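Student: I have a structure open and have never looked at it before. Can you take me through it?
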Amino acid sequence: MKCPACGSEIADGQDICPACHANLAATRVMPKLTGSWCPSCGALVPAGQQVCPSCGMPVDTTGATRVADELERRRAEELRAERERTSTLPRIESAIPSEPNPHSESAYGRERLPHTKVFALAAIASLLVVGGAALAIAHPWDPNLTDTRATTPADTSQAGFPGTVERLAGQDRGTASATSVLSADEATFQSLTSSYEALADLSARADELEQRLDEKGTSGTADERSQGEQDALQLQLDVSNEATTIAGIDTQTTGTYADQKANVSTLASWLRNRVDAIYEAWKLSTESDNPTAEKDKIMKPMVGNRTSDGSEAYVNLFKKNYDAWKPEQR
């Protein structure tokens, strides 16, 4: 019989289902009736009888037997099919393809290998990446890009080095000596010496202009007197610029050459006063219509440079102290 709980086929007379352990004590197996059914009234006709005991109609027991056998066969097939459905697990196909046979020469196996073009493109891409990285690091087009040396001009006047230093000598890797950067005192001495020598040249030009003034200032042509005025004006500007340069020389940082700067500055002041007088005389000469008749007026600015004994004249003061006040290195 079949278990009413799980449908498993069990032997007759068992009280417990061996599959689901259901209690079968209240279940009874109905005895299987033998015989056939009357086709007229449907009553059960015992086996071996040819006439229905209910309606008296004749019964073909052979056909009934065949029908019963067919029904029995169908029940057996249904039972077997049911047993197969409940006891057999379905087969599950894997979604992962099986590993191909390494010894197989199928087209699929050959297609899994990268083509030659793929290898070539990969090699070219690697060269481009590595080469680009090397160029980005090396910068062959700008060798000074990674140079850490100081090359920007810097004002070092507050550190004892007047002026601007273009490049530190210690970072030039032997291309410049350590003496290429001057100390404050060395720079001051060189500036004072340069201005001292420039004053000598300017004084010589003043001597030449004063001599021309004596010769052409009152008797020369208009062109000669005009040229003398222009030369005197240019000399006046040059002396004034040099005096400004001397005033800008730094001696306060160390104070070593302060007294020598004062001496050179005094020489420049005397020379400027002398040149101013020379220019004023040339200017009066150019403006005069009759310089010969106005000689005293033209030469009046020169009176201060030409005292009776010459002791206090600017030209004499300059020449008397020039050699004594020559800058000396300390």
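Tutor: One term to begin with: two residues are in contact when they have heavy atoms within 4.5 Å of each other. Thr251, leaving aside neighbours within four places in sequence, is in contact with Thr188, Thr256, Tyr257, Ala258 and Lys261.

Student: What kind of model is this?
Tutor: This is a predicted model, where local features need pLDDT of at least 70, side-chain atom pairs count only at pLDDT 80 or more, and totals for chains, interfaces and linings use all residues. Residues are numbered from 1 along each chain as its sequence is written, and side-chain values use heavy atoms, with hydrogens and water left out.

Student: Where is Thr251 found?
Tutor: Thr251 is in the loop between helix H5 (222–247) and helix H6 (258–287). Helices (H or I, at least four residues) and strands (E, at least two) are DSSP runs, numbered from the N terminus.

Student: Is Thr251 buried or exposed?
Tutor: Thr251 is buried, as its relative accessible area is 10%. Buried means under 20% relative accessible area, exposed means over 50%, and partly exposed is in between, using a 1.4 Å probe and protein chains only.

Student: How many cavities of 30 Å³ or more does the structure hold?
Tutor: The structure holds 1, and the space in the largest cavity is about 40 Å³. A cavity is a set of points, on a 1 Å grid over the protein atoms alone, where a 1.4 Å probe fits but cannot get out; lining residues have an atom within 4 Å of a point. Grid points are joined across faces, edges and corners, and the volume is the space filled by probe spheres set on the points.

Student: Which residues line the largest cavity?
Tutor: Thr251 is one of them, and the lining also includes Ala184, Asp185, Thr188, Asp250 and Tyr257. By class, the lining has 2 nonpolar, 6 polar and 2 charged residues. Here Ala, Val, Leu, Ile, Met, Phe, Trp, Tyr, Cys and Pro count as nonpolar, Asp, Glu, Lys and Arg as charged, and the others, Gly among them, as polar.

Student: Step back a bit. How many helices and strands are there in the protein?
Tutor: There are 8 helices and 4 strands. Along the sequence the pattern is β-β-α-α-α-β-β-α-α-α-α-α. Of the 330 residues in the protein, 24% are buried.

Student: Which residues touch the most other members in the largest nonpolar core?
Tutor: They are Leu199, Leu235, Leu267, Leu271 and Met302, in a core of 33 residues. Helix H4 (184–216), H5, H6, helix H7 (295–299) and helix H8 (314–322) each supply at least two residues of this core. The largest share, 12 residues, comes from H6. Apart from this core lies another, of 6 residues, among them Cys3, Cys17, Ala22 and Leu24. A nonpolar core is a set of buried Ala, Val, Leu, Ile, Met, Phe, Trp, Tyr and Cys residues joined through side-chain atoms within 4.5 Å.

Student: And what does Met302 touch?
Tutor: Not counting residues up to four places away in sequence, Met302 touches Glu210, Leu213, Ala277, Ile278 and Ala281.

Student: Glu210 is charged. Which side chain does Glu210 meet in a salt bridge?
Tutor: Glu210 meets Arg274, at 2.8 Å from N to O. The pair links distant parts of the chain, with Arg274 in helix H6 and Glu210 in helix H4, 64 residues apart. Both Arg274 and Glu210 are buried. A salt bridge is a side-chain nitrogen of Lys or Arg within 4 Å of a carboxyl oxygen of Asp or Glu.

Student: How many salt bridges are there in the whole structure?
Tutor: A search finds 9. Asp207, Glu210, Arg274 and Lys319 are linked in a network of them. Arg212 forms a salt bridge with Asp231, the closest N and O atoms being 3.0 Å apart. Arg212 also forms one with Glu208, at 3.5 Å. Glu208 and Arg212 both lie in helix H4, 4 residues apart, about one turn of the helix.

Student: Why does Glu208 count as partly exposed?
Tutor: Because its relative accessibility is 38%.

Student: Last one: what about the phi of His21?
Tutor: His21 has a positive phi of about 60° although it is not a glycine. His21 lies in the segment before strand E1 (36–37) and is exposed, with a relative accessible area of 61%.

Note on methods. 1 Å grid on protein atoms, 1.4 Å probe; cavity = no way out; pocket = protein on both sides within 12 Å on 5 of 7 lines; lining within 4 Å.
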